[in-house]
Amino acid sequence: MKLYRNEWKYDVNDIELQKMEEKVSHIMKLDDHADNGGLYRIHSLYFDDIYDRCAKENDIGVSRRYKYRIRYYDNNPDFLRLEKKEKYDGRCHKESCVITKAQYFQILENNFNEVLWNTDNKILREFCVACLAKGFRPKIIIDYERRAFVEPISNVRITFDRNIALSYELDKFLAGEYMQIPIQEKGRHVLEVKFDYILPGFIRHAITSEKLVQTAFSKYYLGRIKLQKVRN
């Protein structure tokens, strides 16, 4: 049975983000997987089908939807992950697998059959079938800086995402040297709160503020909208 987690998102300014980060730092610990004071960079290559169904379903608020992305962290494109992120009634479920650079380039060259018949991984096989049957192809790069805090007992994760940008230079994804176009206005960032069933009271109290308004913020969808405006 899939576990769907709550994912609350807030569009915040510099001051609000700094205040929340200071409060959270006193009650939660930095993600152990991150260096440099918990700050790391995320590079994601998003896919969509020939009808841009993932973007359109996000726009109209389809209750059950999914999207695929390939992701790496900081300056380490040698460790690539394929992720499938599903949303169901506002809650999220994510599955992922490691892929090789060889598989990545085969995907970029549309050699999906080659990848499909040479892997036993369920997610990778499902992704290849989606590419073959529905025409999933890379659409956009989303790039941002993240600092993450965790509370392992309750499985709560709070992330602070800064400098969210897009790029259409898809061929430069692994190099990381692509042109970046900001998605938000200067000084705007995203706070995300992720938990299973119940958000502990002491964490809820820490992030409670009349200035925080929950929003359905999709980096991929807003990136596609921004890219369309830039191209027009």
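Let me begin with the conventions. The model is predicted, so local features are taken only at pLDDT of at least 70 and side-chain atom pairs only at pLDDT 80 or more, while totals for chains, interfaces and linings use all residues. Residues are numbered from 1 along each chain as its sequence is written, and side-chain values use heavy atoms, with hydrogens and water left out. Helices (H or I, at least four residues) and strands (E, at least two) are DSSP runs, numbered from the N terminus.

I turn to helix α1, residues 14-25. Its 12 residues reach 16 Å from the first C-alpha to the last, close to the 16 Å expected at 1.5 Å a residue; the expected span is 1.5 Å times one less than the number of residues. Which residues of α1 are buried? They are Glu16, Leu17, Met20, Glu21 and Val24, where buried means under 20% relative accessible area, exposed over 50%, and partly exposed in between, with a 1.4 Å probe and protein chains only. Seen down the axis of α1, these buried residues fall within an arc of 130 degrees, so they line one face of the helix; the arc is that of the directions from the helix axis to the C-beta atoms. On the other side of α1, Ile15 and Gln18 are exposed. The cover over the buried residues of α1 includes β1 (5-13), β7 (137-151), β8 (156-167), β10 (188-195) and α6 (201-207). At the start of α1, a side-chain oxygen of Asn13 comes to within 3.1 Å of the backbone nitrogen of Ile15.

Just after α3, Asn110 takes a positive phi of about 65 degrees.

The largest pocket has a volume of about 850 Å³. Of the 32 residues that line this pocket, the closest to its centre are Tyr73, Lys94, Arg146, Arg157 and Lys194. On a 1 Å grid over the protein atoms alone, a pocket is an open set of points where a 1.4 Å probe fits, with protein on both sides within 12 Å along at least five of seven lines, and lining residues have an atom within 4 Å of a point. Grid points are joined across faces, edges and corners, and the volume is the space filled by probe spheres set on them. At least two lining residues come from each of β1, β3 (39-48), β4 (64-73), β6 (91-99), β7, β10 and α7 (219-231).

Finally, some single residues. His93 is found in strand β6 and is buried, with a relative accessible area of 12%. Its side chain reaches the backbone oxygen of Leu3 at 3.0 Å. Asp74, in the loop between β4 and β5, has a positive phi near 50 degrees and is partly exposed, at 37% relative accessible area. Ala34 lies in the loop between β2 (29-30) and β3. Ala34 and Asp74 are 40 residues apart in sequence and 9.7 Å apart in space, C-alpha to C-alpha.

Key. Contact means heavy atoms within 4.5 Å. A polar contact is a pair of N or O atoms within 3.5 Å; within protein, one must be able to donate a hydrogen and the other to accept it, and residues adjacent in sequence count only if both atoms are side-chain atoms.
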